[in-house]
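Here is a friendly walk through one structure, meant to be read with the model open beside you. Let's look at it together.

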Amino acid sequence: MAAEVAAQPVNGTATGSRARWKHMDTLLSRPGAYTDEDDFAPGSVPIGNIEQSRILVIGAGGLGCEILKNLALSGFKHIDVIDMDTIDFLFREKDVGKAKASVAAEFVMKRCPGCVITPYAGKIQDKDEDYYMQFNLVICGLDSIEARRWINATLVGMVDMENPDSLKPLIDGGTEGFKGQSRVIFPTMTSCIECQLDMHAPRAAVPLCTLATIPRQPQHCIEWAHIIKWEEERKDLVLDTDDPEHITWLYQKALGRAKEFKIEGVTYSMTQGVVKNIIPAIASTNAIVAASCCNEAFKIVTSAASFLGTPGENNYMLYTGDASIYTYTFEHQKKDDCPVCGNLPKDLFVNPESTLGELVEGLAERPEAQLKKPNLRTEEKTLYYSSPASLEESTRPNLKRKISEMLADGEEFAVSDPAFEINFRFIARYA
Amino acid sequence: MLKIWSMKQQQQKNEAAAGPAAKKKKVTAAQLRVQKDLSELALPQTMKTVFPNPDDILNFTLHLTPDEGLYKSGSFSFTFAISQNFPHEPPKVKCQQKIYHPNIDLEGNICLNILREDWKPVLNLNAVVVGLQFLFLEPNASDPLNKEAAADLQGDRDRFKRNVRSSMQGGSVKGESFDKVVK
């Protein structure tokens, strides 16, 4: 929200000197009651860390913009921001249609000279590990669970014992109306996004039969138009929630439905809200959560005070502002059976000239595995499935094929077996 | 951060060494979970799966031929479309035939609580399959998606039964024609 950035008082002026950072420098130049003697060397080290660290912010919406502003005002100088969306509201009129990431970057850079923010308007999935390796820390201000899971799995997969820089702390902020959370993850060391998947509130859903037979609220009429009527009348058209014609069509249908059941309150913007699952953002919830995320980033980078996410300690702060005010900080424990961090991929040396069948037999013989009915796949291909029967039949011919045809050198594959709670993951290494 | 890395090294010493990360695409969390669910899928004689593209386990069809109940001997198929948000989100399941059923509308939408409002990430594909099977053994009038069929079932079970049989033969019920699902 660029408008909020404008409202923020700017302390001091950028003169190129450290004048602007006088108070921060003081803070970082002396030990405090809670600084860790082993990890904190007051003075140039933490100050240099702030100036030199490269931070990646994912999301440039209500939360992301707030995070960018806080980071810039905390003295961070090298920030990248990714967002795939273009602006349709919340920013300024003249910016409608432009990429959120670019507008946010430009605005914050103008307000905080000396801070370089590099925007990328696109998906996080467009970027590879080499890209993410450049950063010291990643902060998410996202509304998508899918994107969180993706970046989480990517950062977990990047951890390489040969290289301390490969461990990228992940700070995740999230808000929904008056509620929010901030959490810190040290990939592979502490509970990850996937371990915490059940912490996300499920999307409130109304039974389909209520929508179909006895709608009671305007939202029910909109959901009916969205889920039932569209399929009935515009089956061959893929619904594009950003297309005003599509939203108008749903709005008209919902309005007709509401009239029939004498329900009032269906509006165009409510239709947009229900269909796109827009949860009204509360600016101050975003501000609180963003502040917490940026404080953690500051502490992790400088070691100036203990931070959320230290292994064995608290890693999750939840905040509720709707029933008075309440916060609770706790340790969400790592799950041993987490599909992402519970069983990290292990190297498996394979002879590219041998067959997939031999590999499967080998897995059955491995003492830690002893898989009886394994299912194996890569991201792209189903290698061999013992069950269900139809997949067994269609993948059986693969057993006779050479490893080199099925698995590339360095490619990850996952193995599941009904006898084991967890999935095994291996990286094929040609030997 | 220095301290965190030394903790990581300590942690690593306690575990077996892992090699450098894979460069290629990783199996996604949703794929991992579906693969696990499929390995645990216990299908009775009356059901089988078909994967149009065996490499894509997120999209498949489930065939169901009940061997008892009102829908006995009908062949019904359901498309399963699973998103990368699984298991946070339930699979999208639709019936491919136009059938006369109180909990399934003419477009194939299904009113089954665990497919929508009662879905939880701890549920698996087996639970969905059992739920579908149950709908065909015990259609229920209290969650109507096809109002006529529900009223029929509630009003006169024998008439409902006759209407189900004739619809399954490809006949019409109250002016609406249905797909033939019996041989």
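## The annotated span of chain B

UniProt, in an unreviewed entry, lists residues 29–173 of chain B as "domain: UBC core"; UniProt positions follow the numbering used here, feature names are shortened, and annotations may be inferred rather than shown by experiment. In this predicted model, the end C-alpha atoms of residues 29–173 of chain B are 45 Å apart, and the span is 31% helix and 15% strand. Helices (H or I, at least four residues) and strands (E, at least two) are DSSP runs, numbered from the N terminus.

A word on conventions: the model is predicted, so to speak, with local features needing pLDDT of at least 70 and side-chain atom pairs counting only at pLDDT 80 or more, while totals for chains, interfaces and linings use all residues. Residues are numbered from 1 along each chain as its sequence is written, chains are lettered from A and ligands numbered from 1 in the order in which they are written, and side-chain values use heavy atoms, leaving out hydrogens and water.

## Two helices in contact

Helix 4 (residues 147–155) and helix 5 (residues 157–168) of chain B have axes that come within 5 Å and cross at roughly 135°. Axes are lines fitted to C-alpha atoms, for helices over the stretch in contact, and angles run from 0 to 180 degrees between N-to-C directions. Helix 4 and helix 5 of chain B are therefore oblique to each other (under 35 degrees counts as roughly parallel, over 145 as roughly antiparallel, 65 to 115 as roughly perpendicular, and the rest as oblique).

Helix 4 of chain B contributes Ala149(B), Asp152(B), Leu153(B) and Gly155(B) to the contact, and helix 5 of chain B contributes Arg157(B), Arg159(B), Phe160(B) and Asn163(B); contact means heavy atoms within 4.5 Å.

## The sheet of chain A

In chain A, five strands form an open sheet with mixed pairing, in the order 9-13-12-10-11; two strands pair if DSSP finds at least two bridges between them. Strand 9 (346–350) and strand 11 (382–385) of chain A are at the edges with a single partner strand each, so one side of each has no neighbour in the sheet.

Strand 10 (residues 375–377) of chain A runs antiparallel to strand 12 (residues 412–416) of chain A, joined by three bridges, and Leu376(A) stands opposite Val415(A). Three bridges also join strand 10 of chain A to strand 11 of chain A, again antiparallel, with Arg377(A) opposite Thr382(A).

## Where the chains meet

Helix 2 (residues 29–39) of chain B lies across strands 10, 11, 12 and 13 (424–430) of chain A, at about 30° to strand 12 of chain A.
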